[in-house]
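Hi,

Here is the structure I promised to pass on.

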Amino acid sequence: MDVMNGERRRAARMRNVRRHWQLYALLVLPVAYFVIFQYIPMANNVIAFKDYNVVQGIWGSPWAGFDHFERFFANPVAWDLIRNTLMLSLYGFLAGFPVPIILALALNEVRARFFKRTVQMVTYAPHFISTVIVVSMLILVFSPRIGFMADVMGFFGVDSNLLADPDAFRSVYVWSDVWQTAGYSAIIYMAALAGIDPSLYEAARLDGASRLRKIWHVDLPGIAPTVVVVMILSVGSVMAIGFEKAFLLQNPLNLSQSEIIATYTYKIGLLSADFSLATAVGLFNSVINLILLLAVNTVSKRVTGNGLW
Amino acid sequence: MTLTTAHRAEPEAEPRKPKRRKSTQVQDTRVDRVFMVGVYILLTTFLLVVLVPLANIVASSFSSPAAVSGGRVFLWPVDFTLVGYEAVLSNDAILTGFANSVFYAVVGTLVSVSLTVMIAYPLSRTELVGRKVLIGGVLFTMLFSGGLIPTYMVVRALGLLDTRWAIILPTAIAAWQVLIAMTFFRSSIPGELYEAAQLDGASDLRFLWSVVLPLSKPLLAVIALMYGIGQWNSYFSALIYLRSEDLYPLQLVLRDLLIVNNSGGSNLADQLAAQQMADLMKFSLIVVSTVPVLLVYPFVARHFTKGVMLGSVKG
């Protein structure tokens, strides 16, 4: 019986493939992309456990076990890197997560359409400016010689070149990120707010709820699932903090706080050409990141019933 | 229900009065009005925080080298002049970078959008054999990536190092865009259309080309612009894969000019003039390199909003 069913199903599948062969043909190139540029690199991570050399190639090079990982953790720099990476992303998460929600809730209260539109258009815009430009702007605007922000800060009694100060690095990184992304990140909450059942507002109005109570009892529960999904995604990318901006903001003066795992991997991998060590460090980073994501997703599913899958 | 009865009198009394406002609008109490003042202050602050640095950059870019260097420009140009722009537009490295970036953005977007449609459309068709496995394979790349060196090794093995393809191919498809496109195809293309097309004897490709794509223009606009702006703004691939300066995209040229920054000069007066000019050029350069993005931006802002919403539809 089972065999019959299996065979019949296979035959049906073959008929499906033959009938829709064009769909399968379309898939060839994109699937090749994913194999070549996503899955082969994943397999190449095997060199983290080998002493890779160009002559013997990926599979021919001798095994090294966990030597490269031990080498990394034996280096006192390792803990600085991990601390810098985690601190930077946690700070970024704590500062960057609530701002778009507050922005969306505030915008949602505004009835004056022109004002609302203007705020939206202006605050989205920085999202489309490149990292290179944002960092250049920071350097110019905070430059003690030409930048207006240096004057503003001087007015408040802060008198230093922020970009050369290692202790200011994280704040500069995080708040410029908030500056750049808060408006755009608010869109997703605006969408969620727009999707709230109008009868709930009607009910709140009949109950004589103030605006603040309406936000607390209708808006926040309404966007809660979205908030949870965004939160999981951001916690899941805690270790995946970008190379691009940290690398650009780095200078010899702030290196003690600005050297993160991603920039270190680039330096030992491409500048010092120690492929195996760089891959080991990168792999460590990706695995921690994956574990964090899975953990947050599981906890969130238990607690709130919302998850990514 | 019990709560509502207490406040019944008010709303019921309202319709008899002549209407001063639209009935759907919330009637603000005094607490609410204070709250709204707070909301407007908050939003205005936010607006200014975003706007002032941008305005300062634009104002500086139109000012004289000496005014910029002396830090005398705030929100309005001082000693209005265009010398900053003249210097930027006569710099060969910048012009080459600009042309390269246009090439990468246009060709990269064409490649990326085509490949994204080619995978997202079949995956949106539920009868596809192996659909779940393929979707899983795409989504997994969002959770875990090969990493810098392993990807570099693939690019090197393919002989793409220091070629234009190294900028376009390794980042050709973004899993996120596939997800957006797939969700769009599944939710916005009615099944009846497919049945009708089948009765007319249209093949899958024909259906995709003549029915699905024309109906998907908003989607295509969104993903094309996301890929295009992403490509225009990126410098990472170029930093890693390119050696020849004549292939550098604008962002990498900008990084060298704006951030790594090496200006020289023999005597002190020359050096000062060069320094002042270099300061001004940075501002003009920022404006020039951001203009293409800002030109398309208002035009597509609403599409982007729609795109984000498409992405936020779960499942």
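Let me begin with B:Ala120, which touches B:Val178, B:Ala181, B:Met182 and B:Phe185, leaving aside residues up to four places away in sequence; touching here is C-beta atoms, placed from the backbone, within 7 Å. This is a predicted model, where local features need pLDDT of at least 70, side-chain atom pairs count only at pLDDT 80 or more, and totals for chains, interfaces and linings use all residues. Residues are numbered from 1 along each chain as its sequence is written, while chains are lettered from A and ligands numbered from 1 in the order in which they are written.

The largest nonpolar core has 118 residues, and A:Leu138, B:Ala120, B:Val178 and B:Ala181 touch the most other members. Such a core is a set of buried Ala, Val, Leu, Ile, Met, Phe, Trp, Tyr and Cys residues joined through C-beta atoms within 7 Å. Buried means 20 or more other C-beta atoms within 10 Å of a residue's own, exposed 12 or fewer, and partly exposed in between. Helix H6 (residues 92-124) of chain B gives this core its largest share, eleven residues; helices are DSSP runs of H or I, at least four residues, numbered from the N terminus.

A:Ala273 sits between helix H15 (261-271) and helix H16 (275-304) of chain A, and its phi is near 55 degrees, a positive value in a residue other than glycine. B:Asp162, between helix H8 (148-157) and helix H9 (165-168) of chain B, has a phi near 60 degrees, also positive.

Best wishes

Terms used
Helix = DSSP H or I, 4+ residues; strand = E, 2+ residues; numbered from the N terminus. Contact = placed C-beta atoms within 7 Å.
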